[in-house]
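Visitor: I have a model open and would like to learn how to read it. Could you walk me through a few features?

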Amino acid sequence: MIYASSALFAMLVCLAIIFLHERHGLLSCDRFPSKAAKTFAYVWLVLFFVLLALLVTGSALNPVTSKELAKTPFYSLFAMHAILIVFLAGWWAATGAPDLREFLNIRHEKPAEVVAIGISVGVGGWIFTLLMAMIVALILQATGILKKAPEPPAMIGWMAALAWWKKALIVLSAMTVEEAFFRSFLQKRIGLIASTLLFALAHFTYGNPLLLIGVTVISLVIGFTFYRTKNVIPGVLAHGVFDAIQLFVIVPIAVRMMGIGG
């Protein structure tokens, strides 16, 4: 029943996107070379969203344990990112294979300024996200909704024990693939709020309300940066800085303080 509800929700989201495009040109940034190409793109969109919904639902309902993680191949961490890449490649082909810089909103003007914006947003966004998560946690505790701090997922302890180069690969993959999909593709077509909600839902497997709040806040910060700059590069850098701080600094400290096993 839960899987069916998730698939139905994904289909409704896709149908809403298709309807808004047909009536109001929501996907006006895309140039479909033919009706067949547009039909393929619509079907591709529905199949992708349904698959993503089912995968996220399955992961949320069956959280991985420490023992399972110990047997998990490292490359499997990139399965979701691989799916996002395949989807983007299919949509790019269906829209006539436009210039990739235009498709992904990659702009190279003023590189020093772009790097400065990305690093500033990453560091500032991390501080802002931390403060917001603390404020929300205090409010939830004061109202009795959150009686105690939720247990961190087993994935946290496992990732803390990874070699530095594996952490670096995770950061590199997340900062490029997720920004290409959630910002260059989704936000450009359905807006900041809707893309942020879908970004948070995609991370629902964390199963920790405070982590989900953090994911939502940083997505809004990076999304607003994309909205202002019309360039995905600052967001990619900000995402990388944020994830690097989390993975190389915060997670190891939290694991030592809580005594979580790797």
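Visitor: Let's start with Asn-105: is it buried or exposed?

Guide: Before that, a word on the source: this is a predicted model, where local features need pLDDT of at least 70 and side-chain atom pairs count only at pLDDT 80 or more, while totals for chains, interfaces and linings use all residues. Residues are numbered from 1 along each chain as its sequence is written, and side-chain values use heavy atoms, with hydrogens and water left out. Now the idea: buried means under 20% relative accessible area, exposed over 50%, and partly exposed in between (1.4 Å probe, protein chains only). Asn-105 has a relative accessible area of 14%, so it is buried. Its phi is positive, about 55°, although Asn-105 is not a glycine.

Visitor: Where is Asn-105 found?

Guide: Helices are DSSP runs (H or I, at least four residues), numbered from the N terminus. Asn-105 is in the loop between α5 (100-103) and α6. Lys-110 lies in that loop between α5 and α6 too, and its phi is near 50°, again a positive value in a residue other than glycine. Lys-110 is exposed, though, because its relative accessible area is 57%.

Visitor: How do I read a polar contact, and which side chain does Asp-30 reach with its own?

Guide: Look for a pair of N or O atoms within 3.5 Å; within protein, one must be able to donate a hydrogen and the other to accept it, and residues adjacent in sequence count only if both atoms are side-chain atoms. Here the side chain of Asp-30 makes such a contact with the side chain of Arg-189, at 2.7 Å. Asp-30 sits in the loop between α1 (2-24) and α2 (35-61), and with a relative accessible area of 8% it is buried. Leaving aside neighbours within four places in sequence, Asp-30 is in contact with Trp-91, Thr-95 and Arg-189.

Visitor: What does the side chain of Gln-187 reach?

Guide: A backbone atom this time: the oxygen of Gly-223, at 2.7 Å. Gln-187 is found in helix α8 and is buried, at a relative accessible area of 7%. Beyond four places in sequence, the contacts of Gln-187 include Phe-182, Leu-192 and Tyr-227.

Visitor: Now the rings. How many aromatic pairs are there?

Guide: A pair of aromatic rings is described by the distance of the centres and the angle of the planes. Rings of Phe, Tyr and Trp (its six-membered ring) pair if their centres lie within 6.5 Å; planes under 30 degrees apart count as stacked, over 60 as edge-to-face and the rest as tilted. The count by this rule is 16. Take Phe-32 and Trp-91: 5.9 Å centre to centre with 75° between the planes, an edge-to-face pair. This pair links distant parts of the chain, with Phe-32 in the loop between α1 and α2 and Trp-91 in helix α4 (residues 79-94), 59 residues apart. Trp-91 has 0% relative accessibility, so it counts as buried.

Visitor: Why is the pair of Phe-182 and Phe-199 edge-to-face?

Guide: Because the planes of Phe-182 and Phe-199 are at 85°, with the ring centres 4.8 Å apart. Phe-182 lies in helix α8 (residues 164-190) and Phe-199 in helix α9 (residues 192-202), so the pair ties together parts 17 residues apart in sequence. Both are buried. One aromatic cluster includes Phe-32, Trp-91, Phe-182 and Phe-199.

Notes:
Helices (H or I, at least four residues) and strands (E, at least two) are DSSP runs, numbered from the N terminus. Contact means heavy atoms within 4.5 Å.
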